Amino acid sequence: MNPKTVVILLLVFAIFIALLLSPLFMTPSGGPSYDASQDVPALPEEFLSSKLTKVTLPTEEGILDLSFREGKWWINTPHKFPANTKKINEFLQRLSEVSITPPGDPSEDSIPNEPEPIYLENSNGAYLLRPIRRIGAGRTIIEIASDQIESRYNANNTLHELLDNLHTADFFASSPEPLLLPDLSRIEITSEGKTSSLQQSEGKWWIGGTDQSVPALEQGLPDAPGVSTYLELHNNLKLRSQQPYSPTDTGLAGYGLDPALISVDYLAQDGQAWRLQVGVPADPEDKTRYVSYGPAESQYPAVFVADTLNALVFGQDAKVFRDPRIMKIPRSLIGEMAIRNRTGHYKIKFMSNGVQFITSGPDFTPGVTPLNTKDGAKLARQLSDARAIEYITADLADLRPIASVIITPRLDGAPETLTIFPDTTDEAVLIQINSEMKLRKVKQDSIRMLLEKNFIESNH
């Protein structure tokens, strides 16, 4: 072989070696290039979103811990808060698209820099995906560990794309978890240093303790707010610009929440307690209101920006929820009204066809011929429209009733007894509903028909 041929062969061999060592022909471990046709999903079927119970993610703000309970996703640390289910499902869908090439022998230079992993858990075990480092050709090395395997793989770059764009705030739900009236036992409202409360007992809401016998209005009326209205404001509070709180030098004071302007505690029947707080801006010209929300004992509640007007409504005194009505039974459901006043004793029966009959006498003697009347409908409308203007505490031993009416519903339900007592003024009377201790002060004109009407004479 002549020298020229030897040189040419050596040159070809050198070029072949150079190409062989090129990244185009190598994996990170130095072996032959991967074959994309061998790629398989990195996420096994048993760890798909529908079967998961826990997910832990590394975000730019720290570790985000999510759990699936009672059909919903929750953010667990540093507080429990409903998570954005759509965002989680989107993330898990993208995670399922991460593909890997079956591993070869890892080289010594494939040393992990110990990044935080993605941790998945279901009822049968756990699965971990840890990115190690980026390498050429759009591939990365990931470490996978489960009960059955622990190895490294070549993977596409989907995993890094996911992790590079994770922010804790994106996973928060836009509203707190809805609270239901039957599930609550008490609502404590603290504003301007004064605390008032709403308490539920045996399915009824009261202002303060039940011993005070000041009933609260559960369902709102056109002219009066109800406890359900207040809770609806909580449930529909659309929080925006979520700012998950993390301990800093200023802490909650940086949001005007230490001390808070308003504090509302929701105590559940099962013992859980949630606290909502409204902050006051340090700058009087700032109309922004920060609202923190989370478990009552949590030092790290979620902090949000809320509409100023809605936020300040949370500071209403519980007294505004008092029930102003003197008759609770809807007038469309009245079956009978037994009336006593200065002119006599009467009983009005409401028939299902709309006809009303009236009888009279000290014992409402059945032998008295009933008379057709329209007075029942007039009185029912008057009583249903009457509102208390004040609640009064009085010694009933010193008062004699001047009128009463027992209202019995057509359907199942307890009757209501309204007992009317004179007031110190001629313009108002005091009404006791059933055996409640508090008396309602009502203008006489609003129920004058009940006080003075002679129902029999009006039909002659």
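Contact means heavy atoms within 4.5 Å; helices (H or I, at least four residues) and strands (E, at least two) are DSSP runs numbered from the N terminus. The model is predicted: local features need pLDDT of at least 70, side-chain atom pairs count only at pLDDT 80 or more, and totals for chains, interfaces and linings use all residues. Residues are numbered from 1 along each chain as its sequence is written, and side-chain values use heavy atoms, with hydrogens and water left out.

**Exercise 1.** Determine which residues of helix 6 are buried and what they pack against.

*Solution.* Step 1: take buried as under 20% relative accessible area, exposed as over 50%, and partly exposed as in between (1.4 Å probe, protein chains only). Step 2: in helix 6 (residues 375-385), the buried residues are Asp-375, Gly-376, Leu-379, Ala-380, Leu-383 and Ser-384. Step 3: viewed down the helix axis, these residues fall within an arc of 160° (taken from the directions from the axis to the C-beta atoms), so they line one face of helix 6. Step 4: the elements they pack against are strands 19, 20, 21 (356-360), 24 and 25 (416-422), together with helix 7 (448-452).

**Exercise 2.** Identify the partners of strand 19.

*Solution.* Step 1: two strands pair if DSSP finds at least two bridges between them. Step 2: strand 19 (residues 334-341) has 6 of its 8 residues buried. Step 3: strand 19 runs antiparallel to strand 24 (residues 403-409), with 6 bridges; Arg-340 has Ser-404 as its bridge partner there. Step 4: strand 20 (residues 344-350) is also joined to strand 19 by 6 bridges, antiparallel, and Met-337 is bridged to Ile-348. Step 5: 2 residues separate strands 19 and 20, which form a hairpin.
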